Amino acid sequence: MRRLPGRRTWASLHAEAREIVFDFLEGYDLLGAFWTTVQLTLLAAAGSLVWGTLLAAMRVGPVPLMRGFGTAYVNIVRNIPLTVIILFTSLGLNQTLSISLGADDFKTINFRLAVLGLTAYTSAFVCEALRAGINTVPVGQAEAARAIGLSFTQVLRLVVLPQAFRSAVGPLTNVLIALTKNTTVAAAIGVAEAATLMKTMVEKEAQLIPIASIFALGFVILTLPTGLILGWVGKKVAVKR
Amino acid sequence: MTSVLYDAQGPRAKRRNLLYTAVFLAALAAVLWWVYTQLNDKGQLDWALWKPFTTSEAWSTYIWPGLKNTLKAAALSMVIALPLGAVLGIARLSDHAWIRIPAAIVVEFFRAIPVLVLMIFGLALFAKYTNVSSDDRPLYAVVTGLVLYNASVLAEIVRAGILALPKGQSEAAMAIGLRKGQVMRLILLPQSVTAMLPALVSQLVVIVKDTAIGGAVLTFPDLLASANTMIGYYGNTIASFTVVAVIFIALNFSLTTFAGWLEGRLRRSKKSTGAVVGVEMIEDLETVGHAPPGPGSDIKE
């Protein structure tokens, strides 16, 4: 190994530089915070996929009351800021109405409330993405399905929705990426996710630019591959017409 | 009401739908009843808690100043982000790779990052490197975060707006001997402004909604923060949230409706080329990776 003046090796210099550059990371659970972000994303994604699909089914169904409910839900939820919804789950549902979603410590309660708020908000967008997907299914598909005697639920379940999902992968990916970014709003009710940690760190540490870069990079790492991989999947599964 | 998804309803289907309606109505009523009893038990429906909203005090002391700040932050962000977005959008269409690629990187980078992260960065930035007073800092931070994010979204709208114009426009312009800069400045940009108006108005909805993040996390005194203050003062959590939510819904719903009306008008218009960047594009632009730049996207790529 080459020697540097003053008995320092490249390796020790490197270690020193690391210490200077990454010193501010000491004592912070960076990976843990991003893991919480991922958990929020995945749980809310699963929840809103189910609830969003149900809403879409209601909106295209034959029962006027359900159609009206679906439309009203989507229009109301889409026009409220997510922050209002998340803050309401904490101040309104939890502190006023004492709903704790089966948890007893502050941390778990707020995490679950955040998942609930994110799910309620994201479902409206999932519903719209699916409805757009349903519209791409050629009329003949549903007509043929009805002609062989399938009922509405069968038409939807066996013929239309499977095709709609395949063409909705692109829009649903967009919703998923937006959801990943939206999980930061959980910082408003003190869930220990990435943005909460970033706020603490920039207040306590001096290195603003390195800290901001790390968090920006974290989100790029979370969202960019999602877009690329699911974009590829979307092309793969799209129904060729 | 008929749809391609189900047959015209005979007597049996009608009866079945009536049953579904009844069941759904019962479920809905049960939920509403449960909410009502919960609210009633906690005394949240007491008239005393809702009464402040019939007085001018609540409106002039809390709601109106908060709403004013929300609108101010949204308007400032839009006005600052629009020229930046236009520059970035045009840069992405440049013939020179050394302009096009950096612009693309900037746009994709800022679209991948949550607005809140940008706002927190802005807040610390102003605290550290400027002497903006600590009262003004939240506004500066909120606007900075919104501008950084929305400039990149608007860049995509501008790009889509320009690409949506018929190819003949730039061809004709070049045929009469205009230079590239002139084609953009005199022919494409003015027409694309009209084409992207609906998308711009819908993006305003996104901006208005995002200002609330600043209200909750950065102590920016917006409409949501004023709800928080009212809750502290009147102790009426449910009432305050309801009123603030209704204001947000009314504001955003009218903006959305206006955008839809603009879009329809532009599509019908005989004076223009009929090129429109639609409202539905906004949701796709919320995110990275997928930029669906309308018809004719292959013109310059």
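Where is the place of A:Phe88 in chain A? Select A:Phe88: the residue sits in helix 4, residues 82–96. Helices here are DSSP runs of H or I with at least four residues, strands are E runs of at least two, and both are numbered from the N terminus.

This is a predicted model, in which local features need pLDDT of at least 70, side-chain atom pairs count only at pLDDT 80 or more, and totals for chains, interfaces and linings use all residues. Residues are numbered from 1 along each chain as its sequence is written, while chains are lettered from A and ligands numbered from 1 in the order in which they are written.

Stay on A:Phe88. The residue counts as buried because 26 C-beta neighbours lie inside 10 Å (buried: 20 or more other C-beta atoms within 10 Å; exposed: 12 or fewer; partly exposed: in between; C-beta atoms are placed from the backbone). Leaving aside residues up to four places away in sequence, A:Phe88 touches A:Leu93 and B:Phe241 (contact: C-beta atoms, placed from the backbone, within 7 Å).

Next, select A:Ser98, in the loop between helix 4 and helix 5 (106–136) of chain A. A:Ser98 has 10 other C-beta atoms within 10 Å, so A:Ser98 is exposed. Its phi is near 50 degrees, a positive value in a residue other than glycine.

Now go to chain B. Select B:Thr219, in the loop between helix 8 (180–217) and helix 9 (223–234). Phi of B:Thr219 is near 55 degrees, again positive in a non-glycine residue. B:Thr219 is partly exposed, because 16 C-beta neighbours lie inside 10 Å.

Key. Two residues are in contact if their C-beta atoms, placed from the backbone, lie within 7 Å.
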